Amino acid sequence: MRITHLLPFLLTLCFFACQKKEGCTDGAAKNYDAEAIIDDGTCHYKTRGCTDETAANYNPLAEEDDGSCRKADDDDDDDGGNNGGGNNGGGGVQLGWDSSNMAYTFQHSGTTYKIIADMKSFADANQAACDSGGHLVYINDAAEQAAVYSEIQASGISTTYTTVNDGGGIAYIWIGANDITAEGTWKWEKKGTACTSVGIEFWSGQGAAGAGGGSATNGEYNNWGGASTGTPNEPDNFNSNQNAGAIALDGWPAGSGSLGSAGEWNDIAESNLIYYIIEL
Ligand SMILES: [Ca+2]
Ligand SMILES: [Ca+2]
Ligand SMILES: [Ca+2]
């Protein structure tokens, strides 16, 4: 058979194969594309939670009610009015969301924390944390890491609330880790009146995705991307411009998760505008 006889067949084949548009193919997603044939992993979904402002577990970030609302009166303790969110914690601290300042409060081991749903650079988040009398969270051990990550999930913050391009295209929340004062020397922020107080060094060098050779220092805990596999890939100082640490809300890079898993940490550029966690 001569090639010219095959041309109509090849053109017909290309008509279908070459028209395949990529996009979100899930009809339940925010960004569903009816013309997309190949799913490109970009589907976004509505944040679900309790949308009743008078409920004990009101979530100001929720766009769709999930039927989980509980009356404030259903709580065992008397929380005596709390801007529509949360139960009492130790010392009368109001737990859960406070929509007046977009803060989600939780406690772990007697310490109070706030996840702030306000997009800030690392420097601005650091300043805001200090102004509130605390510091960006210093994660001392696996128990604190587990508490922080489970509360992020409990808060109902969407895992796609933003996209950090230099962090593999997923969402993150600032923690107090940074190597701003010296490349590769990772330290925690600490509480201090000057708002520039730098705490203990916990890590030196880079992970396997960068120059490698990095290791924990001072016996401190770390949970860099890839830590769960035994070989941290982060921090890698990608673009020679990543000096602040953040906790990931999904595996990265988006779609593969080959560098890190949800809950692990990545070094990203300080200029990224993301939520942050204060330890009081
Ligand atoms: Ca801590
Ligand atoms: Ca760095
Ligand atoms: Ca990185």
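## Strand pairing

In which sense do β11 and strand β12 pair, and over how many bridges? In this predicted model, β11 and β12, the latter covering residues 215-216, pair in the antiparallel sense over 2 bridges, and the bridge partner of S204 in β12 is S215. Strand β11, which covers residues 198-204, also pairs in the antiparallel sense with strand β10 (residues 185-189), here over 4 bridges, and E189 has V198 of β11 as its bridge partner.

Another pairing involves strand β13 (residues 244-248) and β14, which run antiparallel and are joined by 4 bridges; within it, A246 stands opposite N266 of β14. Strand β14 covers residues 265-268, and its residues W265 and D267 point one way while N266 and I268 point the other way, although all of them are buried.

## Overall make-up and core

The protein chain contains 3 helices and 15 strands, and buried residues make up 36% of its 280 residues. Of the contacts in the chain with a separation of 6 or more, 49% are accounted for by residues 24 or more positions apart.

In soluble globular proteins, nonpolar side chains tend to be buried together. The largest nonpolar core here has 54 residues, and those that touch the most other members are Y172, I173, W174, I175, A246, Y276 and I277. If residues up to four places away in sequence are not counted, W174 touches F122, A125, L136, A244, A246, I274, Y276 and I277.

## Helix α3

Helix α3 runs over residues 142-155, and at 1.5 Å a residue its 14 residues should span 20 Å, which agrees with the 20 Å between its end C-alpha atoms. Within α3, the residues Q145, V148, I152 and S155 are buried. These four cover an arc of only 100 degrees around the axis, so they lie on the same side of α3. An α-helix has 3.6 residues a turn, so residues three or four places apart point the same way.

The elements covering the buried residues of α3 include β6 (103-108), β7 (111-120), β9 (172-178), β13 and β15 (274-279). On the face of α3 turned away from its buried side are the exposed residues A142, A143 and Q153. Just after the helix, G156 takes a positive phi of about 80 degrees.

## Confidence in the model

The protein chain averages a pLDDT of 88, and 88% of the residues score at least 70. Over residues 76-85, however, pLDDT stays under 50, and the model has 20 contacts beyond four places in sequence for this stretch. Where pLDDT is low, the predicted coordinates should not be read in detail.

Notes
Residues numbered from 1 in each chain as written. Chains lettered and ligands numbered in written order. Pairing = 2+ DSSP bridges. Buried ≥ 20, exposed ≤ 12 C-beta atoms within 10 Å, placed from the backbone. pLDDT = per-residue confidence, 0-100. Contact = placed C-beta atoms within 7 Å. Core = buried A, V, L, I, M, F, W, Y, C linked by C-beta atoms within 7 Å. Expected span 1.5 Å × (residues − 1). Arc of directions from axis to C-beta.
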